[in-house]
Amino acid sequence: MAAVSISLAFSADSLNPSRSAKFGLSSSSRYPSLFSCRSHRSSNVRFAFPPSPHSSSVTTATETGGEEATKSTGSYDFLEESFRTGRFLSNAELEKLKALEGFAYFQELESGSMWVRVMRAEEMDSTVKLLAESFGESMLLPSGYQSVLRFLVKQYLIERREVLPHAVTLVGFYRKKSDSCSSDGEEAEMAGTVEVCFDKRGANASPPSPTPPKESPYVCNMTVKEDLRRRGIGWHLLKASEKLISQLSPSKDVYLHCRMVDGAPFKMYRKAGYEVVKTDTILILLMLQRRKHLMRKKLPPCTIIPSDTVEMLGSDNELTSSANV
């Protein structure tokens, strides 16, 4: 059974539904952890106008058959949600929201196919369940604590959606190859998730140590469903995150954390081109935390791709060395 460890810290106020739980999730794809945080909010008021009914369409990904199809819509879901939260957006932020809504990454695997896109509001509960199960597995929590853990994770995801487009949660879907005797393909299922922070406004106020630069992109909270590991899904979640960062962030230095005890994820990150820039000192053990590496990769310049093109990216080889991603 895959082992995943987690450190959880929250106050009694976190369990009060009338108050937002202030915590975050750190980045090891196998071993995420919770830590105190608060989303950055700008004090400057920014204004934006909602799209008219005749505004140009936005391309979004739909999952039909074994291929990615596209459909057009005249409204922006992220834009509407941002106005419901009372946020005013700049023109640059509106363009980023449009790019996020149209982003899709598709990859054929040896055992099936997968695609990655931005988490939608109706998919939050499924994402919460996936994260909470990973954390509960690591903490060996009794089933009765799962409801508390899900509450905390959901509060965190709600808070993170409020900082769109400066940070985003991606979700990956997997469809197993159908049998030769079956005419219908297997049903797709949510296979993993990962969070991407693009800049300082999307960064957590209290990231894990060693502290990454807040103005640089940061990848965290990557997890893959237990029975779908060792299929290359974690590898392509990482590649989808890098592609999105290349398109939306001016900084190409991407950071992430990996615990020293996590051998398989560390090999995956090294294979992807990440290098260790700093490591926790042994004093971190006094805080009942595992020592972690801060890793960095410099992305190549972005190649401009039309916004209505579904991403067909990745290598032909599936990563098999990582046990839990």
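User: Why does tyrosine 274 count as buried?

Analyst: Note first that this model is predicted. Tyrosine 274 has 0% relative accessibility. Buried means under 20%. The value falls under that cut-off, so tyrosine 274 counts as buried.

User: How many aromatic pairs does a search of the whole structure find?

Analyst: The search finds 3.

User: Why is the pair of phenylalanine 106 and tryptophan 115 called stacked?

Analyst: Check the distance, then the angle. The ring centres are 6.5 Å apart, and pairing needs centres within 6.5 Å. The planes meet at 15°. Planes under 30 degrees apart count as stacked, so this pair is stacked. Phenylalanine 106 and tryptophan 115 are both buried.

User: What makes the pair of tyrosine 269 and tyrosine 274 edge-to-face?

Analyst: Their centres lie 6.1 Å apart, with 65° between the planes. Over 60 degrees counts as edge-to-face, so the pair of tyrosine 269 and tyrosine 274 gets that name.

User: Which residues do ring pairs link into a cluster?

Analyst: Phe106, Trp115 and Phe173.

User: Which residue lies over the face of tryptophan 235?

Analyst: Lysine 271 does, at 5.6 Å from the ring centre. The distance cut-off is within 6 Å.

User: What about the whole chain?

Analyst: The protein chain has 6 helices and 13 strands. Of its 325 residues, 50% count as buried.

Technical notes: Residues numbered from 1 in each chain as written. Predicted model: local features only at pLDDT ≥ 70, side-chain atom pairs only at ≥ 80, totals over all residues. Heavy atoms only, no water. Phe/Tyr/Trp six-rings, centres within 6.5 Å; stacked < 30°, edge-to-face > 60°. Buried < 20%, exposed > 50% of the residue type's maximum accessible area, 1.4 Å probe, protein only. Lys NZ or Arg CZ within 6 Å of the ring centre and 35° of its normal. Helix = DSSP H or I, 4+ residues; strand = E, 2+ residues; numbered from the N terminus.
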